[in-house]
Amino acid sequence: MTEYSERLLDAPGAVRRPLGLRIVGIILAPFLALLFQVYVTRLVSVFSYPFLSYLELPLLMVVYFALVRREPVSAVFYGAAVGLFQDALSAPGTHPIGMYGIVKTLVGYFAASVSQRFDVENPILIAILTFFFYFFHEFFYWVLTRALLGEMTNFDTQQKIVFGLLNAAVSLPLFHVLDKMKVTA
Amino acid sequence: MESFLTRYRNLTVLLVVVTAQLLLLAWQVKTAEDVPLIRVWAVTTVVPVARILDDVRRYTFGSLQDYFVLVGVRDENRRLRQENTQLKMQNHFLTAQVHTADRAHALLAFQSETPSTTLPARIIGSGTGVNSANVFIDRGANSGVEKGMAVVTPEGIVGKIVEAYPTASLVLLATDPSFAAGVVSQRNHVFGTMKGQGHGTCIIDYVQNEQRVDPGEWFYTSGYDRVFPRGFPAGQVTAVHNGRYSKEIFINPSGLQSGLDEVLVVLNGVHQAIPENELPAPGIHMMPAPPELARNPKAQQQVLGNTTADRLRTAYQEVGEAQGHHFGEGLPGSTPPNFNMKVTPGMKVNPAATRPSEKPAVEPGDTEDSVPVDVTPPEQPPAQPPAAPAGKNGPPAGPTGRQGRSAR
């Protein structure tokens, strides 16, 4: 960290103060997101909307919480909790607990770090960050799969970009709704 | 150290959390064990809510979905009706195919059983004559079909070949007005000529009013027309009444009652015996004859009729048997039996003494018992000229007396 950055961070107003979220938003929203992930196959079969299965709502919840809270520590725990919960709902034999946990922990940390330094109120910036974190989430999960589990799967960059754009588009109205639960200081 | 952790608190927490998860992950991968407690908690938490959500979806969106489904019921009903119509047509087609297969099977069985050499053929079209009844079959001169051959089915005669082309033949059906075939009735052995009338019913011509033909009686081919072998069913009598000069007998040609698809062309006909048992009417069950009637034809004769004509017929049959004569086998010009001979029980007559020049003529394939019996008459009847039985005495003269007419 350079002297310039130290001064920038220590300057009043540069480091944004953390915003609070209602307890309902902290617990219920990721729970509903995980429920959506569990129920998404059922919804796909009922409504015939295949794009629903490409949404990563737990990740969007972690990103939103990290961007709003602007605290890396809480974002780390939040991401770890959501990721481990998501791991616990996966197949035991093929998906060990900790894969999503590690990835979402890192996403939460980096998202909170970014929100500390930049103004993330801009919707365009939110969409770009969501797209970036989705791509990072998928890529790092693919790396863990290859490195830790030894599964030689391919990483379809083009597909991930498209799905990242989809999640970024969904994140805008979703974050707008979640902003209703924000507690301003 | 403390200041370091305080200064890099965020990074330290991240490393601790990630390392902990990495260790958990490594332990699971290395030991191939799972952390069931976390999974049980997660699933127990999520599943009840998911069940409630599914119930809500079913009673809200499901009802809406059912409503929209009901909206589309009319279109679906129309589509199902069309599909039902198509399936009905397909069912009719398949049923016809099954019937065709049954007919083909019956044709094959008949072909293997009949002693005549036959050639299966398929009807491929009909002639273009306005009042004529003729059809084309897919076998012609290349297959050995010749003009004048008989065309039959297991049910009866169909017609005869009137033209044999290289690859097809034209068959004159039995219902054509120009068709004629020699026939004989099964029960009373009345000879006649079956003629077509241009519609579904044929007539039996040249039968005297004095001769007996009963409704329901079957007519078989007599074989004297040199077209149809003897013993093929021709048809069943539907109506009989006396005419001005001869009986008017109407029969249904049995070979044309069911739809014609496959037929047999008789390449080399073999005469057969006319069956003793009556054929049941189509669609009507007929029990077999009682045992005593089946064993004793004379008892059957008594049951069937005891008229003067029956007694005369029995007497002449006894005369014929005493002299070793088989009615219906004599060729034109052969010596008839002596009908004036008095037959007594136990009398034996040497047929060679009464008919020295006559030999029983058995048609090829004839199954009737023609083994001559060496009999000796107790008293030699006076030699008399052969009497003409058909005129004054009135016995059934056999085919010789009517051959000329029935074979035309």
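Start by selecting α3 and α4 of chain A: α3(A) covers residues 57-69 and α4(A) covers residues 72-88. Their axes come within 9 Å and cross at roughly 170°. An angle over 145 degrees counts as roughly antiparallel, so α3(A) and α4(A) are roughly antiparallel to each other. Keep in mind as you look that this is a predicted model.

Now show the side chains between these two helices. On the α3(A) side, pick A:P58, A:M61, A:V62, A:F65, A:A66 and A:R69. They meet A:S74, A:A75, A:Y78, A:G79, A:V82 and A:Q86 of α4(A). What classes of residue make up this contact of α3(A) with α4(A)? It has 8 nonpolar, 3 polar and 1 charged.

Next, bring up both chains and look at where they touch. Chain A puts 26 residues into the contact, and chain B puts in 23. Which element of chain B gives the most to the side that touches chain A? That's α2(B), with 12 residues. Select α2 (9-31) along with α3 (36-59) of chain B, and you have the elements that give two or more residues to that side. Colour that side of chain B by class and you'll find 16 nonpolar, 3 polar and 4 charged residues.

Last stop: the strands of chain B. Select β6, β7, β8, β11, β10 and β9, in that order, to trace a closed barrel of 6 strands with antiparallel pairing. From one strand to the next, the twist averages 40°. Zoom in on β6 (residues 180-185) and β7 (residues 191-196) of chain B, which are joined by 5 bridges. To see a bridge, click B:A181 and then its partner B:M194 in β7(B).

Notes. Residues numbered from 1 in each chain as written. Chains lettered and ligands numbered in written order. Predicted model: local features only at pLDDT ≥ 70, side-chain atom pairs only at ≥ 80, totals over all residues. Pairing = 2+ DSSP bridges. Helix = DSSP H or I, 4+ residues; strand = E, 2+ residues; numbered from the N terminus. Axes fitted to C-alpha atoms, helices over the stretch in contact; angles between N-to-C directions. Contact = placed C-beta atoms within 7 Å. Nonpolar A, V, L, I, M, F, W, Y, C, P; charged D, E, K, R; others polar. Parallel < 35°, antiparallel > 145°, perpendicular 65-115°, else oblique.
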